[in-house]
Amino acid sequence: MVFSQVLAAVHAVIDVVGFPGNLLVLATIFMESRFHVMRYILLASLAGSDILFLILGNSPSIASTAHERWLYGETMCKLHYLVLRYFYLNTVLHLIAVSYERYSAIVKSPLTYDGSITRSKVVVIVLIWTVPVLVVAIPFFRQAKSVFYHPKLFFCRAASDAAAFHAPAAAFIVFAVPISVIFFINWRLLKTVNAIQSNDQPVIFLESTATTSNNGPSQHQQHEARRIKDRKAAVDVCIVMAAFMICYLPEWTDFVLHYFFKVEFLSEVTQTTRCIYYISSVTNPIIYSVRKREFRRGVKRTLKRIVGLCAILFASGTDNVIGVHE
């Protein structure tokens, strides 16, 4: 009983921190024109995904964990199972897109990439949100009867026999392939970043020197400043990926050991791994705020605008009340 109450409190803290944090990320990116580039638009889309994940995934777990039973009916329990898998894949696709965007800027075409938002990039964002529906929903509705409520966990999970039949395919398609892509792209990013830092890329340096020889040292300095900025952005992306993996690996380890090797964990262990997975929706705003100075400044300006707008609305509301009384 005490463990459930503590875990419910942790779920509540995740909501309390995650909601305003991700909302502030969204507001800052859309209100600050300097952030209207593809890298930040992807981060805004990821923040929107985290908000929905908190609403549809974490929030129902607060009351259910506190009461030690699922409170929303069998249908909602099965849909909750579907929602968690959808937002896992949605997040992974976002991380692949963010990694590839930095790969294009630093490795593939560092001299020509401008980060502008094009029609093809908008299509990519649409696919990030729609593809998981097909990948997750179609198998789910075929095997919906195999998803059942687990009374000791207070949420739904797949039956061992049914899940074991599909577990190898799920492990390969949903986990191994996308995670391998993320690791490969970020490995190339870090390799390029280290090469730039140690001046192991003379070709790029010569090209930049040739283009700036007629314009003086200022353009060369701008190019060097951009390389430093791109280097820091690459490290930021790797930190975001690492935070997600740290939060998700306990849940995935539980899944693999349970369905592949028939290991039965204590219910408290499985509940804890699920709770750690929810923490992944809170990490990104913290990373942005700690690592990105320009983002911190944007957040401060956004907060000032919000406070000013609230003050204006409060003042106008007070004037209306006084007018009514008069």
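Asp236 and Lys292 form a salt bridge, with 3.3 Å between their closest N and O atoms; the term covers a side-chain nitrogen of Lys or Arg within 4 Å of a carboxyl oxygen of Asp or Glu. The pair joins distant parts of the chain, since Asp236 belongs to helix H7 (residues 217-261) and Lys292 to the loop between helix H8 (267-291) and H9, 56 residues apart. Helices (H or I, at least four residues) and strands (E, at least two) are DSSP runs numbered from the N terminus. Asp236 is buried at 5% relative accessibility, and Lys292 is buried at 8%. Buried means under 20% relative accessible area, exposed means over 50%, and partly exposed lies in between (1.4 Å probe, protein chains only).

The model is a predicted one, in which local features need pLDDT of at least 70 and side-chain atom pairs count only at pLDDT 80 or more, while totals for chains, interfaces and linings use all residues. Residues are numbered from 1 along each chain as its sequence is written, and side-chain values use heavy atoms, with hydrogens and water left out.

**Other salt bridges**

Side chains of opposite charge can pair when their charged atoms come close.

| Pair | N to O distance |
|---|---|
| Asp236 and Lys292 | 3.3 Å |
| Arg274 and Glu251 | 3.2 Å |
| Arg305 and Glu32 | 3.7 Å |

In the pair of Arg274 and Glu251, Arg274 lies in helix H8 and Glu251 in helix H7, so the bridge ties together parts 23 residues apart in sequence. Both of these residues, Arg274 and Glu251, are buried.

The bridge between Arg305 and Glu32 spans 273 residues, from helix H9 (residues 293-325), which holds Arg305, to the loop between helix H1 (2-31) and helix H2 (38-67), which holds Glu32. Glu32 is buried, at 6% relative accessible area, whereas Arg305 is partly exposed at 40%. Arg301 joins Glu32 and Arg305 in a network of salt bridges.

**Overall fold and surface**

The protein chain has nine helices and two strands, in the order α-α-α-α-β-β-α-α-α-α-α along the sequence. Its 326 residues are 44% buried. Of the contacts (heavy atoms within 4.5 Å) between residues at least 6 apart in sequence, 80% join residues at least 24 apart.

The accessible surface of the protein chain is about 17,300 Å², and carbon and sulfur atoms account for 70% of it. Areas come from the Shrake-Rupley method with a 1.4 Å probe, and for residues only the protein chains shown count as cover.

Val123, Leu127, Val131, Leu134, Val135 and Ile138 make a nonpolar surface patch of about 470 Å². Patches consist of residues with over 30% relative accessible area and no salt bridge, joined within 9 Å for like charges and within 5 Å for nonpolar side chains (Val, Leu, Ile, Met, Phe, Trp, Tyr). Ile138 sits in helix H4 (residues 119-142) and is partly exposed at 41%.

**Second largest pocket**

The second largest pocket has a volume of about 310 Å³. On a 1 Å grid over the protein atoms alone, a pocket is an open set of points with protein on both sides within 12 Å along at least five of seven lines, and lining residues have an atom within 4 Å of a point. Grid points are joined across faces, edges and corners, and the volume is the space filled by probe spheres set on them.

The lining of the second largest pocket has 16 residues, with Val37, Arg39, Arg102, Asp114 and Lys229 nearest its centre. H2, helix H3 (73-108) and H7 each give two or more residues to this lining, and H7 gives the most, with four.

Definitions and conventions: On a 1 Å grid over the protein atoms alone, a cavity is a set of points where a 1.4 Å probe fits but cannot get out, and a pocket is an open set with protein on both sides within 12 Å along at least five of seven lines; lining residues have an atom within 4 Å of a point.
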